[in-house]
Every structure is written in C-alpha cells, then in structure tokens.
Amino acid sequence: MRLASIALFAAAAVVSLASSAAPQIATGDVADVINVRAAQPKKVYIDPMMYQRMQGAYKLDDGRTLHVTGKSRKLYADLGQGPQEIVHVGSDRFEAVGKDLSVRFDGGPFPHTVHLKDESGRVLASSQR
C-alpha cells in the first residue's frame with residue numbers, strides 16, 4: 001500500500017542519515033529514540049454530489065457497521081471506535097488520516113459497495129448498501 005511504502009522509505013532514510021553521522025559515545029543508560037509518524041495522504045478533489053451520497057451506514061460482512069459522516073467538506077469513517085477522518089486519494093479510494101486503513105467505494109456517483117483494507121492490502125470487510 002502507498003502509505004506503507006512511504007513509511008518504509010522514511011524509516012530507511014532516517015537509518016541511512018543516522019549511520020552517516022559521526023559516531024557518538026553513549027554514557028549511562030540513555031537510549032536514542034527515533035519517532036516516525038505516518039505519512040499524510042495527499043488530498044484529491046471530490047465531487048460534492050458524491051460527497052453527499054457516500055454518507056450513511058454500511059452493514060459490513062463481519063458484523064460491524066461502518067458509519068460515514070461529513071462535516072465541513074471532510075468525510076469521517078466510524079467503525080465503533082470514534083470517527084476517523086478519511087481523505088480522497090483518487091478514483092473511489094480514501095485513506096484514513098494517521099492510520100493504515102483504506103476505504104474504497106464502488107458505484108461511481110452512486111456508491112453501493114464499500115471495501116475496507118489494511119496496510120498490507122488485505123480486505124478486512126465489505127458491504128453492499
């Protein structure tokens with residue numbers, strides 16, 4: 001998945017830069033900490049009509065319900081753990097901000113099917129409206 005590739009590249013760049021730096025002598029029990037944040041997906045324009053039609057409840061095949069809501073031209077997906085912003089990254093695909101979760105809506109301007117995927121591209125659940 002795109003986010004996993006970006007995160008892997010960022011981690012490799014950090015390790016590469018750290019290995020090229022001058023060696024440091026550690027004193028005491030101090031450990032180096034590297035914080036890596038998830039890449040933010042690039043937002044793509046979404047048609048206002050499609051924005052309205054994507055909102056609603058989707059009963060997933062694993063028993064959960066996906067609630068898609070909108071506020072201030074942003075979409076939010078909620079699987080029962082609180083709303084998580086999802087951004088349009090092209091075609092009918094959306095990525096959760098700060099999480100490795102991908103949502104795809106099938107049906108163009110009249111979405112009727114939703115697919116959830118994890119960072120490895122494995123389908124977690126799907127539904128037809």
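**An eight-stranded sheet and its strand β7**

In this predicted model, 8 strands make up an open sheet in the order β1-β2-β3-β4-β5-β6-β7-β8, with antiparallel pairing. Strands here are DSSP runs of E with at least two residues, helices are runs of H or I with at least four residues, and both are numbered from the N terminus. Two strands count as paired if DSSP finds at least two bridges between them. At the edges sit β1 (56-59) and β8 (123-128), each of which pairs on one side only. Neighbouring strands of the sheet are turned by 25° against each other on average, direction ignored; the axes behind this angle are lines fitted to C-alpha atoms, for helices over the stretch in contact, and angles run from 0 to 180 degrees between N-to-C directions. As a general point, strands of a sheet pair through backbone hydrogen bonds, either parallel or antiparallel.

Some ground rules come with the model. Residues are numbered from 1 along each chain as its sequence is written, and side-chain values use heavy atoms, with hydrogens and water left out. Because the model is predicted, local features need pLDDT of at least 70 and side-chain atom pairs count only at pLDDT 80 or more, while totals for chains, interfaces and linings use all residues.

Stepping back to the whole protein chain, there are 2 helices and 8 strands, and along the sequence they follow the pattern α-α-β-β-β-β-β-β-β-β. Of the 129 residues, 28% are buried, where buried means under 20% relative accessible area, exposed means over 50%, and partly exposed lies in between (1.4 Å probe, protein chains only). Among contacts (heavy atoms within 4.5 Å) with a separation of 6 or more, 37% link residues 24 or more positions apart.

Now for β7 itself. This strand is mostly covered, with 5 of its 6 residues buried. On one side, β6 and β7 pair in the antiparallel sense over 6 bridges. The two form a hairpin with 6 residues between them, and glycine 107 in that turn has a positive phi of about 120°. β7 is also joined to β8 by 5 bridges, again running antiparallel. That hairpin has 4 residues between its strands, and glycine 121 in the turn has a positive phi of about 90°.

Which residues face each other across these pairings? Arginine 104 stands opposite histidine 115 in β7. Towards β8, threonine 113 stands opposite glutamine 128, and leucine 116 stands opposite alanine 125.

Threonine 113 is part of β7 (residues 113-118) and counts as buried because its relative accessibility is 7%. Leaving aside neighbours within four places in sequence, threonine 113 touches Arg104, Phe105, Asp106, Ser127 and Gln128.

Aspartate 106 belongs to β6 (residues 101-106) and is partly exposed, with a relative accessible area of 21%. Beyond four places in sequence, aspartate 106 is in contact with Pro111, His112, Thr113 and His115.
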